[in-house]
Amino acid sequence: MKHIAILGASLFGALLLTTSCNDEWEDEQYAHYISFSAPLNSNGVRDVNVPYTRCLFDEEGNVTGNKFESEGNGGIGISEYDLPVIVSGSTTNDRNINVHLSADPDTLATMNYARFQNRTDLYYQDMTSYATYPSELLIAKGKDVELLNIKFNFAGIDMSKKWVLPIQILDDESYNYVSHPRQYYAKALLRIYPFNDWSGVYSGTAQQISMKGDEANASVVENVRLYVVDENTVFIYPGTIDEDRVDRANYKVKLEFVPTDDTHGIVKFSCDNPSVKFEVTKNEATGEEEITRYTVVEEMDAVKDYILHRYVMINNINYSFTDYTLVPGYEMTYSVRGSLTGERQINTQESDRQHAIDWD
């Protein structure tokens with residue numbers, strides 16, 4: 001009888017413990033803090049790729065079309081991005097939350113100094129003046145995520161600068177929420193890259209860079225980034241010049257992609273700065289400039305049959321340029337030849353152009 005009583009007590013205790021655990025699980029395990037979904041990368045920012053679209057505007061500033069109908073009609077590039085704003089916690093949000101947002105230049109300034117100290121030429125630039133977004137965002141009861149729509153206007157922007165949009169979630173005793181206390185959870189530092197069909201990071205290992213006349217001792221760079229100019233034009237920094245150079249804006253070389261059919265075309269090189277002395281190499285036999293061509297190859301993934309691999313191969317790159325600022329009073333001329341290859345992995349099940357591309 002004693003054993004039966006002990007067993008009964010044990011079962012009763014286990015039942016109480018089980019009931020207690022279930023009740024605790026139904027309760028909130030974490031506070032309903034408000035945060036962004038914008039984790040920082042190793043460069044201290046969140047890379048964001050936004051589609052570049054050329055649009056036409058009427059006198060009131062309303063969009064009237066999304067393509068240039070003719071040259072010189074005043075179209076500019078615009079883009080949009082939806083930044084997720086999250087209610088954290090283990091239970092569903094049980095109230096309407098009106099989140100207050102603003103620009104955050106102080107955090108950007110602090111991050112710049114912490115990373116670059118007095119190298120102000122490397123600082124990220126605040127692009128708040130090129131972006132618009134609402135100052136308040138309603139997260140309705142029953143929802144844990146809402147999207148903050150950000151519109152970008154790239155008219156007059158110099159993409160040789162490293163643009164970041166800094167946004168913060170505001171706190172106040174009168175608000176019915178608290179922003180996430182962990183560092184940068186309630187702040188977003190968005191490094192913006194507009195993209196077209198040709199922009200992005202290309203492999204540069206098949207491109208040789210050498211002092212002119214010393215082509216036998218060539219070097220390579222692992223990656224070359226192509227930055228958007230407009231829908232069919234990008235620019236690069238030639239040779240080994242990159243965005244860490246103080247004077248990089250002097251060395252922008254444009255590449256215009258001119259299609260001859262759906263998968264082939266010609267790439268036209270140009271540089272607006274005469275001091276760079278940019279020249280496309282001439283063919284010794286014909287005396288004509290070498291022609292750079294591109295090819296687009298698309299193939300489905302062998303395992304994930306919904307993933308499309310899109311390769312852009314730029315072949316027969318052959319030009320020279322002069323670095324006239326690295327060593328004051330001394331010009332160094334380089335020749336560059338070879339090819340560049342870029343790849344995008346596209347989720348064909350995703351209709352949105354921006355989110356269909358895997359940028360990681």
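The buried residues of helix H2 pack against strand E7 (125-126), strand E11 (163-169) and strand E13 (187-195); buried means under 20% relative accessible area, exposed over 50%, and partly exposed in between, with a 1.4 Å probe and protein chains only. The model is predicted, so local features need pLDDT of at least 70 and side-chain atom pairs count only at pLDDT 80 or more, while totals for chains, interfaces and linings use all residues. Residues are numbered from 1 along each chain as its sequence is written, and side-chain values use heavy atoms, with hydrogens and water left out.

Helices (H or I, at least four residues) and strands (E, at least two) are DSSP runs, numbered from the N terminus. The buried residues of H2 are Thr 107, Leu 108, Met 111, Asn 112 and Phe 116. Viewed down the axis of H2, these buried residues fall within an arc of 135°, so they line one face of the helix; the arc is that of the directions from the helix axis to the C-beta atoms. An α-helix has 3.6 residues a turn, so residues three or four places apart point the same way. On the face of H2 turned away from its buried side are the exposed residues Asp 106, Thr 110 and Ala 114. Just after H2, Gln 117 takes a positive phi of about 55°.

Attention now turns to a strand. Ser 79 lies in strand E5 (residues 76-87). Because its relative accessibility is 5%, Ser 79 counts as buried. Leaving aside residues up to four places away in sequence, Ser 79 touches residues including Val 50, Tyr 52, Ile 150 and Phe 154, where contact means heavy atoms within 4.5 Å.
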